[in-house]
Amino acid sequence: MPYDDIVLEAEDKMDKALGVLNDEMRGVRTGRASAALVDSLRVDYYGAPTMLKALASITVPEPRMIVVKPFDAGAIDAIVKAIQKSEVGLTPQTDGKLVRLSVPALSEERRKQMAKLVKEHGEKAKVSLRNIRRDGNQQADGEEKGGKMSEDELKRTKDEVDRLIKEYEGKITEAVDKKTKEVMEV
C-alpha cells in the first residue's frame, strides 16, 4: 500500500473518530434545551427499536422546553417510556397528542459532572487517534520491510501521520473546550 493510501486511510479514520466524539457530545446535557438530547433515543415501536427522530418531530419552542410531537399518536406511550428509561434525566409530560420535556437548570455539581464526562469522551477520542497512528505506522513498516516502500517514503508517511494526529488532537481539544464552556455556563 503506497504512502498516499496509508495517509488517506489514517485521515479518514481520524475524521470518523472526531465524528463519533461530536455525536457523543451532542447527547451531553447542558443548561439549555436541545433536540439532540432526545433525538437518538431508541423507542420500542411495535416491537422494533426505532430512533425517536424517526417517530416524531422534535422542537425547542423555549430555551428550557423540548416538545415531541409523534407522527402516530399511538406511539406516545412508547415514547414516554423510552424517555423515562433513558439517562437523560427529564420527566415527560403528555396530553395525549404531544410530549413536553422541561429542562431544569443544572446545579453546579451536575455541571461539573457533565464537564468531566465531556473530557472523558475527548480522552477516548484521543486514544482512538493514537491507535490509528499506531496502525498506520505498522502498515508503513510492513510495506518498507516488504520492499514496496523506500526508507524516505516510510519517514514521510510517519511524519504525515504525526502531522495528522496533531491536527486532529487540536480539533478534539477545541471541541471539548467548547462543549465544556457550554456546560459550565449558568
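Predicted model: local features only at pLDDT ≥ 70, side-chain atom pairs only at ≥ 80, totals over all residues.
Residues are numbered from 1 along each chain as its sequence is written, and side-chain values use heavy atoms, with hydrogens and water left out.

**Figure 1. The largest cavity, lined by residues of helix 1 and helix 4.** The whole structure was searched, and 1 cavity of 30 Å³ or more was found. The largest cavity holds about 40 Å³ of space. Helix 1 (3–26) and helix 4 (108–145) each give two or more residues to its lining. The lining consists of I6, E9, A10, K13, I132, D135, G136 and Q139. By class, the lining has 3 nonpolar, 2 polar and 3 charged residues. A cavity is a set of points on a 1 Å grid over the protein atoms alone where a 1.4 Å probe fits but cannot get out, and lining residues have an atom within 4 Å of a point. Grid points are joined across faces, edges and corners, and the volume is the space filled by probe spheres set on the points. Ala, Val, Leu, Ile, Met, Phe, Trp, Tyr, Cys and Pro count as nonpolar, Asp, Glu, Lys and Arg as charged, and the others, Gly among them, as polar. Helices (H or I, at least four residues) and strands (E, at least two) are DSSP runs, numbered from the N terminus.

**Figure 2. A salt bridge between D12 and K16 in helix 1.** The closest N and O atoms of D12 and K16 are 3.5 Å apart. The two residues are 4 residues apart, about one turn of the helix. D12 is partly exposed at 41% relative accessibility, whereas K16 is exposed at 53%. Buried means under 20% relative accessible area, exposed over 50%, and partly exposed in between (1.4 Å probe, protein chains only). A salt bridge is a side-chain nitrogen of Lys or Arg within 4 Å of a carboxyl oxygen of Asp or Glu; by this rule the count is 14.

**Figure 3. A salt bridge between D141 and K158.** Here the closest N and O atoms are 2.9 Å apart. D141 belongs to helix 4 and K158 to helix 5 (residues 151–184), so the pair ties together parts that are 17 residues apart in sequence. D141 is partly exposed, at 25%, and K158 is also partly exposed, at 26%.

**Figure 4. Y46 and the ring of Y45.** Y46 lies in the loop between strand 1 (42–45) and strand 2 (48–51). Although Y46 is not a glycine, its phi is positive, about 50 degrees. Most residues other than glycine have a negative phi. Y46 is exposed, at 69%, and Y45 is partly exposed, at 22%. The structure holds 1 aromatic pair: the ring centres of Y45 and Y46 are 4.7 Å apart and the planes lie at 70 degrees, so the pair is edge-to-face. Rings of Phe, Tyr and Trp (its six-membered ring) pair if their centres lie within 6.5 Å, with planes under 30 degrees apart counted as stacked, over 60 as edge-to-face and the rest as tilted.

Technical notes:
1 Å grid on protein atoms, 1.4 Å probe; cavity = no way out; pocket = protein on both sides within 12 Å on 5 of 7 lines; lining within 4 Å.
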